[in-house]
Amino acid sequence: MDYFSNYRNLPREIYILFISRIIDAAGSFVQPLLTLILTEKIGLSAAESGLYITILGSLSAPGMIIGGKLTDLIGRKKIILLSQIPGALVLMLCASIKSSSMLLVYLLILSSILYSISSPAYDALLADITVPKNRQASYSLSYMGWNLGYAIGPILGGLLFKNALPFLFFGDGVTTLISMILVATFIGETKGKKDQEINSEKRPLEISQEGSVFHILFQRPILIFFALILFCYDFVYAQWGFALPLQLADLFGKNGAALYGTLASFNGILVIILTPLLTKVTKKIPAITVMSIGGFCYVLSFGSLAFVHILFLFYLDLFIMTIGEILISINSSVFIADHTPLSHRGRISAIIPIVTGAGYVVSPLVMGNFISYASIKDAWFLAGAIVFIAACLMSLLKRINN
C-alpha cells in the first residue's frame with residue numbers, strides 16, 4: 001500500500017478527475033484508429049488520409065488558443081463542459097452516417113476541434129485545485145489515470161472497428177459524456193477563487209496579473225526557454241513512433257510491425273507500474289531538475305539505438321526511455337503551473353503545448369528526409385546529440401531558476 005502513499009490526502013477533485021480520465025481514455029476508440037477509419041472505411045488514399053490528419057492536427061492549435069482565452073475569461077469547468085459535451089455529441093452523430101460518406105470526415109474534424117478547446121481548461125483546473133506541495137502527485141495521478149484507460153481503449157476500439165463501426169463512434173461519445181457527468185456533479189468552478197490563498201501561501205509567481213499573455217511571457221522568459229527545450233525533447237521523442245518502426249522492419253523484416261506492437265504494449269505497462277514509484281522517489285526534487293534527468297534518459301535511450309541490433313536490448317532501451325517520458329510528462333505540467341499567474345493559466349496552458357508539440361509534428365518530416373540522405377543509424381546519432389544539448393540547457397535553466 002506504501003507504493004501508492006504519495007496519492008493519499010490529495011484534493012477530492014483530483015480523485016474525481018482520475019476516475020473521469022480513466023473512463024474517457026478507456027472510450028478513446030476513434031483517435032488511435034483514425035488512419036484506418038479514413039482509409040479502410042471511408043476509402044481515402046494514404047495521401048488523402050495524411051492530408052486530412054494533418055488538417056485535423058493543425059486545427060487543434062487555434063482550438064487550443066481559443067480554449068485558453070475562454071478558460072481565463074469564462075471559467076475552467078464551463079469550458080470543459082461546453083467543449084467536451086458537443087464534441088461527444090458530434091461523435092455520436094457519426095454513428096448514423098454512412099462509413100463511405102465524406103461528411104464523416106468533416107464531423108470527425110469538428111469533434112477534434114471541440115475536444116482541443118478543453119485541453120487548456122483541464123490544465124488550468126488542475127493547477128487551480130493543487131498547491132506546490134501536492135502538485136506533482138496530483139499531475140502524476142491524472143497522467144496514470146489516462147494511461148490506465150488508454151491501455152483498454154485501443155483494444156476495444158479494434159474489436160468495434162472490425163465488427164461494429166457505428167458503436168465505435170457511439171461508445172467514444174458516451175464515455176466522454178459519462179466523464180463529463182462526474183465533472184459537472186463533483187467539481188466546482190475554480191476561476192477567481194484562489195487569489196487570496198495564493199497570496200497567503202507566498203506564491204508570487206501564481207498571483208493574478210494584468211496584461212496580455214505575451215506580456216506575461218516576456219516578463220517570464222524562463223517559460224519561453226523552457227518551451228523551446230521541450231520542443232527539442234518532443235522532436236526526439238517522436239522518433240519512437242517514426243524511426244524505430246523503420247529500424248525494426250529493417251532488422252526483422254515482416255516481424256518488425258508485430259515487434260513494435262509488443263514494445264508499445266511494454267511501454268504502456270511500464271508507465272502504469274513506474275509512475276507511482278518515480279513520483280515517490282522524485283517528490284522532493286524540483287520539477288526542472290527531474291526533467292533534466294529525464295532528458296539524459298532520452299540521451300542514453302535514443303542515442304544508443306544506433307548500436308542496438310538484439311531484441312532484448314530494444315526492451316532495455318525502451319525501459320530507459322519510458323523513465324524519461326514519465327519524468328518529463330509529469331513535471332513539465334508542474335513547472336508550468338508553478339510559474340504561471342492564475343489569471344493567465346488557460347492561455348499559457350495553450351501556447352506552451354503548441355510550441356512543444358510542434359517538435360513532435362515536424363520531427364517525422366525532418367528526420368524522414370535526413371534518413372533518406374543518410375541512414376537510420378545516423379538519425380539516432382543526430383537525435384542523441386539534439387536531446388543531449390536540450391538536457392544540458394535544461395540543467396542550465398535549473399541554475400538560472402534557483
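Is Trp146 buried, partly exposed or exposed, going by its relative accessibility? At 29%, Trp146 counts as partly exposed. The legends below describe close-up views of a predicted model.

**View 1. Trp146 and Tyr150 form a stacked aromatic pair.** A pair of aromatic rings is described by two values, the distance of the centres and the angle of the planes. For Trp146 and Tyr150 the ring centres are 5.9 Å apart and the planes lie at 20°. Planes under 30 degrees apart count as stacked, so this pair is stacked. Both residues belong to helix H6 (residues 132-150), and being 4 residues apart there, they are separated by about one helical turn. Tyr150, with a relative accessible area of 32%, is partly exposed, and Trp146 is partly exposed at 29%.

**View 2. Phe307 and Phe381 form an edge-to-face pair.** Here the ring centres are 5.4 Å apart and the planes stand at 70°. An angle over 60 degrees counts as edge-to-face, so this pair falls in that class. The two residues are 74 apart and link distant parts of the chain. Phe307 sits in the loop between helix H14 (287-304) and helix H15 (311-338), while Phe381 is in helix H17 (residues 376-401). Phe307 has a relative accessibility of 53% and counts as exposed. Phe381, at 38%, counts as partly exposed.

**View 3. Six named residues make up one aromatic cluster.** The cluster consists of the tyrosines Tyr233, Tyr237, Tyr298 and Tyr360, together with Phe302 and Trp380. In the model, the count of aromatic pairs comes to 12.

**View 4. The largest cavity holds about 80 Å³ of space.** The model has 3 cavities of 30 Å³ or more. Residues lining the largest cavity include Trp240, Leu244, Leu263, Ser301, Leu305 and Asp317. Helices H14 and H15 each supply at least two residues of the lining. The largest share, 4 residues, comes from H15. By class, the lining has 9 nonpolar, 1 polar and 1 charged residues.

Note on methods
Residues are numbered from 1 along each chain as its sequence is written. This is a predicted model: local features need pLDDT of at least 70, side-chain atom pairs count only at pLDDT 80 or more; totals for chains, interfaces and linings use all residues. Side-chain values use heavy atoms; hydrogens and water are left out. Rings of Phe, Tyr and Trp (its six-membered ring) pair if their centres lie within 6.5 Å; planes under 30 degrees apart count as stacked, over 60 as edge-to-face and the rest as tilted. Buried means under 20% relative accessible area, exposed over 50%, partly exposed in between (1.4 Å probe, protein chains only). On a 1 Å grid over the protein atoms alone, a cavity is a set of points where a 1.4 Å probe fits but cannot get out, and a pocket is an open set with protein on both sides within 12 Å along at least five of seven lines; lining residues have an atom within 4 Å of a point. Grid points are joined across faces, edges and corners, and a volume is the space filled by probe spheres set on the points. Ala, Val, Leu, Ile, Met, Phe, Trp, Tyr, Cys and Pro count as nonpolar, Asp, Glu, Lys and Arg as charged, and the others, Gly among them, as polar.
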